Amino acid sequence: MKLYFLLITLWSLLLSINEPREKKEAVKGGVVSINPNRPLNWNDFKKVNLIGNRSTINAITQSTCEIEIVKINDQGDHVSLDIEVKINLHKELSQVKNDFFKTRDAATKERVLHHENGHYLIAQIIGHRILKAVNNYKFDKKNHRTQLNKIIKENFKDWKRLDEQYDAQSTKPHNPEMQARWDRFIASELQALKQD
């Protein structure tokens with residue numbers, strides 16, 4: 001179901017940009033790390049009686065995105081940044097309702113889990129988009145953190161929009177055709193971003 005962002009309550013945490021640490025090896029151009037780096041399964045979800053005080057929500061996936069500056073590269077008139085974009089499943093807030101898990105048939109559980117994996121993949125798309133935007137940006141030497149924050153905020157807005165569209169089009173009500181269209185979009189987008 002709908003991915004609720006921690007953006008409102010933890011905006012500063014999500015936008016916290018860590019400066020390079022000497023002990024961390026720089027990756028030229030940056031990297032997107034994903035944890036867990038596999039499709040989600042029901043063991044990744046906390047079983048609860050109610051999600052967000054709403055009886056209509058059966059499951060929810062929460063992901064976080066943290067950006068760390070690994071290296072600042074002087075390019076003469078500007079700087080480029082090598083970053084690590086960390087996409088993590090927030091295991092405590094990724095939840096499934098006990099009664100859904102106990103009463104639904106295997107096909108329904110599989111369908112809902114597949115949908116929730118779509119939210120997790122959308123988070124990964126955003127991570128790769130941030131990395132691509134950073135790699136294509138000429139940062140001001142003294143203002144690179146502000147410029148990076150702007151890139152992150154723009155992508156987080158897009159993340160929220162994509163998640164809302166994904167739910168509205170594929171689950172309100174359940175629409176197998178739209179889910180298949182989203183599956184194709186997500187796979188194509190991730191493949192294209194990973195090739196850049």
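User: How many residues lie between strand 5 and strand 6 in their hairpin, and which glycine in the turn has a positive phi?

Analyst: This is a predicted model, in which local features need pLDDT of at least 70, side-chain atom pairs count only at pLDDT 80 or more, and totals for chains, interfaces and linings use all residues. Residues are numbered from 1 along each chain as its sequence is written, and side-chain values use heavy atoms, with hydrogens and water left out. Strands (E, at least two residues) and helices (H or I, at least four) are DSSP runs numbered from the N terminus. Strand 5 and strand 6 form a hairpin with 4 residues between them, and the turn residue with a positive phi, of about 90°, is glycine 76.

User: In which sense do strand 5 and strand 6 pair, and over how many bridges?

Analyst: Two strands pair if DSSP finds at least two bridges between them. Isoleucine 67 has valine 85 in strand 6 as its bridge partner. Strand 5 (residues 63-74) and strand 6 pair in the antiparallel sense, over 11 bridges.

User: In which sense does strand 2 pair with strand 6?

Analyst: Asparagine 35 stands opposite asparagine 88 in strand 6. Strand 2 and strand 6 (residues 79-89) are joined over 5 bridges, and the sense is parallel.

User: Which residues form the covered face of strand 2?

Analyst: Strand 2 (residues 31-35) has an uncovered face made of Val31, Ser33 and Asn35. Its covered face is formed by Val32 and Ile34.

User: What class of aromatic pair do tryptophan 42 and phenylalanine 45 form?

Analyst: The whole structure holds 7 aromatic pairs. For tryptophan 42 and phenylalanine 45 the distance is 5.0 Å centre to centre and the angle between the planes is 55°. Rings of Phe, Tyr and Trp (its six-membered ring) pair if their centres lie within 6.5 Å; planes under 30 degrees apart count as stacked, over 60 as edge-to-face and the rest as tilted. The pair of tryptophan 42 and phenylalanine 45 is therefore tilted.

User: Is tryptophan 182 buried or exposed?

Analyst: Tryptophan 182 forms an edge-to-face pair with phenylalanine 185, at 5.6 Å and 90°; both lie in helix 5 (residues 176-195), 3 residues apart. Buried means under 20% relative accessible area, exposed over 50% and partly exposed in between (1.4 Å probe, protein chains only). Phenylalanine 185, at 31%, is partly exposed. Because its relative accessibility is 7%, tryptophan 182 counts as buried.

User: Which lysine lies over the face of phenylalanine 101 at 4.7 Å from the ring centre?

Analyst: A charge sits over a ring if NZ of Lys or CZ of Arg is within 6 Å of the ring centre and within 35 degrees of the ring normal. Lysine 109 lies over the face of phenylalanine 101 at 5.1 Å. The residue at 4.7 Å is lysine 47.
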